[in-house]
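Subject: Structure handover

Hi,

Here is the structure I said I would pass on. Please keep it open while you read my notes.

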Amino acid sequence: MAWVVLVIAGLLEVVWAVGLKYSDGFTRLWPSVFTVLTMLLSFWLLGLAMRSLPVGTAYGVWVGIGAVGTAIYGIMFLAEPSSFVRLASVCLILTGIVGLKVSA
């Protein structure tokens, strides 16, 4: 169950990271409120997952999900570059996430 909670926390990290973009530096009220609420929920779920997972594993997977998800969102919806090096780097992060899961 801790892994499910951790994945949800990581997905929420993607949501709040993207929310930072739409909050325009916390100058827009509702995107800012949404961003802060998803941050809090993401951190809370990360804390729950850390009750039974090693801190390094849980934090690494959480950050990895956030980084990969945010990069993919940027490429798909914000017209960010999708060069070979960038996509290869995302694949390396995914490999690291799988490695942390397997070694936990």
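Predicted model: local features only at pLDDT ≥ 70, side-chain atom pairs only at ≥ 80, totals over all residues.

Residues are numbered from 1 along each chain as its sequence is written, and side-chain values use heavy atoms, with hydrogens and water left out.

Overall picture

The protein has four helices and zero strands. Its elements run α-α-α-α from the N terminus. Helices (H or I, at least four residues) and strands (E, at least two) are DSSP runs, numbered from the N terminus. The C-alpha trace spans about 40 × 35 × 15 Å along its principal axes. Of the 104 residues, 33% count as buried. Buried means under 20% relative accessible area, exposed means over 50%, and partly exposed is in between (1.4 Å probe, protein chains only). The accessible surface is about 6300 Å², with 76% of it belonging to carbon and sulfur atoms. Those areas come from the Shrake-Rupley method with a 1.4 Å probe; for residues, only the protein chains shown count as cover. Among contacts with a separation of 6 or more, 63% come from residues 24 or more positions apart. Contact means heavy atoms within 4.5 Å.

Helix packing

Some terms before the pairs. Axes are lines fitted to C-alpha atoms, for helices over the stretch in contact, and angles run from 0 to 180 degrees between N-to-C directions. Angles under 35 degrees count as roughly parallel, over 145 as roughly antiparallel, 65 to 115 as roughly perpendicular, and the rest as oblique. A crossing is left-handed if the near helix is turned anticlockwise from the far one by less than a right angle, and right-handed if clockwise. For residue classes, Ala, Val, Leu, Ile, Met, Phe, Trp, Tyr, Cys and Pro count as nonpolar, Asp, Glu, Lys and Arg as charged, and the others, Gly among them, as polar.

Helix 1 and helix 3: the axes come within 8 Å and cross at roughly 45°. The two are therefore oblique to each other. The crossing of helix 1 past helix 3 is right-handed. Helix 1 contributes residues including Trp3, Leu6, Val14 and Tyr22, and helix 3 contributes residues including Val61, Trp62, Ile65 and Tyr73. The residues of this contact divide into 16 nonpolar, five polar and one charged.

Helix 2 (residues 29-49) and helix 3 (residues 55-77): the axes come within 10 Å and cross at roughly 150°. This pair is therefore roughly antiparallel, and its crossing is right-handed. Ser42, Phe43 and Leu46 of helix 2 meet Ala58, Tyr59 and Trp62 of helix 3. Five of these residues are nonpolar, one is polar and none is charged.

Helix 3 and helix 4 (residues 84-103): the axes lie 9 Å apart and pack at about 155°. That makes this pair roughly antiparallel as well. Here helix 3 passes helix 4 in a left-handed crossing. The contact includes Gly60, Gly64, Val68 and Ile75 of helix 3, and Arg86, Leu87, Ile93 and Leu100 of helix 4. Its residues divide into 12 nonpolar, three polar and one charged.

Single residues

Valine 14 sits in helix 1. It is buried, at 13% relative accessible area. Beyond its neighbours within four places in sequence, valine 14 touches Ile65, Gly66, Gly69 and Thr70.

Serine 32 belongs to helix 2. It is also buried, at 9%. Its contacts, leaving aside neighbours within four places in sequence, are with Ser23, Phe26 and Thr27.

Isoleucine 72 lies in helix 3. At 37% relative accessibility it counts as partly exposed. Its C-alpha is 8.9 Å from that of serine 82, 10 residues away in sequence.

Two loop residues deserve a look. Most residues other than glycine have a negative phi. Aspartate 24 is not a glycine, yet has a positive phi of about 55°. It is in the loop between helix 1 (2-23) and helix 2. Alanine 79, also not a glycine, has a positive phi of about 55°. Alanine 79 is in the loop between helix 3 and helix 4 and is exposed, with 72% relative accessible area.

Best wishes
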